[in-house]
Amino acid sequence: MKRHTARQKALQALFQYDLGQIEPLEAMENVLQEGKGDDFLEKLVLGVANNQKEIDGILRDHLEKWTLDRVATVDRTILRMAVYEMKYEEEIPGNVTINEAIELAKVFGDDQSGRFINGVLSKVAVTLSR
C-alpha cells in the first residue's frame, strides 16, 4: 500500500475512532473491509490514538480563535495525523507531511480546509523544528 493510500485509510479509521469511540484496530478493520493493511497505516492509527493527548495539546497551542472541539472532525483528524508524523516520524520531511495533509483536506474537507490546515501545520512545524 502506498503511503498516500495508507493516509487516506488512516484518516477514515481515525474519523470513526473519534466519532464512535470504537477501538483503533476495529476502525482499521472497518476501513480495510478484508483488504490488506500495512505497517504505515497501523503506525499512523495507533500512533495518533496512543499519543492523542500530547498531539491535542500541540494543536491547542497553535489554534487561533478556535478550540479543538470546534474544528470539524475531518480537519481535526487530518491535523492529528500530520502532527503525529511531524513529531514521531522523523524520516518523513515536514513539508511532505504538510502537503499530504492539504491534499487529504481537499478531498475530504470543505472549501476552507486546505488553507486552515496549512496555516495550523505551518505554525506547528516552526515550533517542532526548534
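Predicted model: local features only at pLDDT ≥ 70, side-chain atom pairs only at ≥ 80, totals over all residues.
1. I begin with Glu103, which counts as partly exposed at 38% relative accessibility, and which has its place in helix α6. In the model, the C-alpha atoms of Glu103 and His4 are separated by 9.5 Å, although the two residues are 99 residues apart along the chain.

2. The next points concern charged side chains. A search of the whole structure finds ten salt bridges, and I take up several of them below.

3. One of these pairs is formed by Arg7 and Glu85, whose side chains meet in a salt bridge with an N to O distance of 2.7 Å. The two partners come from distant parts of the chain, since Arg7 belongs to helix α1 (residues 3-20) while Glu85 belongs to helix α5 (residues 73-88), and they are 78 residues apart. Are these two residues buried or exposed? Arg7 has a relative accessible area of 4% and Glu85 one of 2%; buried means under 20%, so Arg7 is buried and Glu85 is buried.

4. A salt bridge also joins the side chains of Arg76 and Asp18, with 2.8 Å from N to O. Because Arg76 lies in helix α5 and Asp18 in helix α1, this pair ties together parts that are 58 residues apart in sequence. Arg76 counts as buried at 9% relative accessibility, and Asp18 counts as buried at 16%. Both residues also belong to a network of salt bridges that links Asp18, Asp56, Arg76 and Arg80.

5. For Lys43 and Glu89, the closest N and O atoms of the salt bridge are 3.6 Å apart. Lys43 lies in helix α3 (residues 39-50), whereas Glu89 lies in the loop between α5 and α6 (94-108), so the pair ties together parts that are 46 residues apart in sequence. The two partners fall into separate accessibility classes, because Lys43 counts as partly exposed at 39% relative accessibility, while Glu89 is buried with a relative accessible area of 4%.

6. I turn now to empty space inside the model. In general terms, rolling a probe the size of a water molecule over the atoms shows where empty space is left. The structure holds two cavities of 30 Å³ or more.

7. How much space lies in the largest cavity? The answer is about 40 Å³, and the residues that line this cavity are Arg7, Ile78, Met81, Ala82, Glu85, Thr97, Glu100, Ala101 and Leu104. Helices α5 and α6 each supply at least two residues of the lining, and by class the lining divides into five nonpolar, one polar and three charged residues.

8. The second largest cavity has a volume of about 40 Å³, and it is lined by Leu14, Tyr17, Asp18, Val48, Gln52, Thr77 and Arg80. The elements that give two or more residues to this lining are α1 and α5, and the largest share, three residues, comes from α1. Its residues comprise three nonpolar, two polar and two charged ones. Among the lining residues are Asp18 and Arg80, which also take part in the network of salt bridges with Asp56 and Arg76.

Key: Residues numbered from 1 in each chain as written. Heavy atoms only, no water. Salt bridge = Lys/Arg side-chain N within 4 Å of Asp/Glu carboxyl O. Helix = DSSP H or I, 4+ residues; strand = E, 2+ residues; numbered from the N terminus. Buried < 20%, exposed > 50% of the residue type's maximum accessible area, 1.4 Å probe, protein only. 1 Å grid on protein atoms, 1.4 Å probe; cavity = no way out; pocket = protein on both sides within 12 Å on 5 of 7 lines; lining within 4 Å. Points joined across faces, edges and corners; volume = space filled by probe spheres on them. Nonpolar A, V, L, I, M, F, W, Y, C, P; charged D, E, K, R; others polar.
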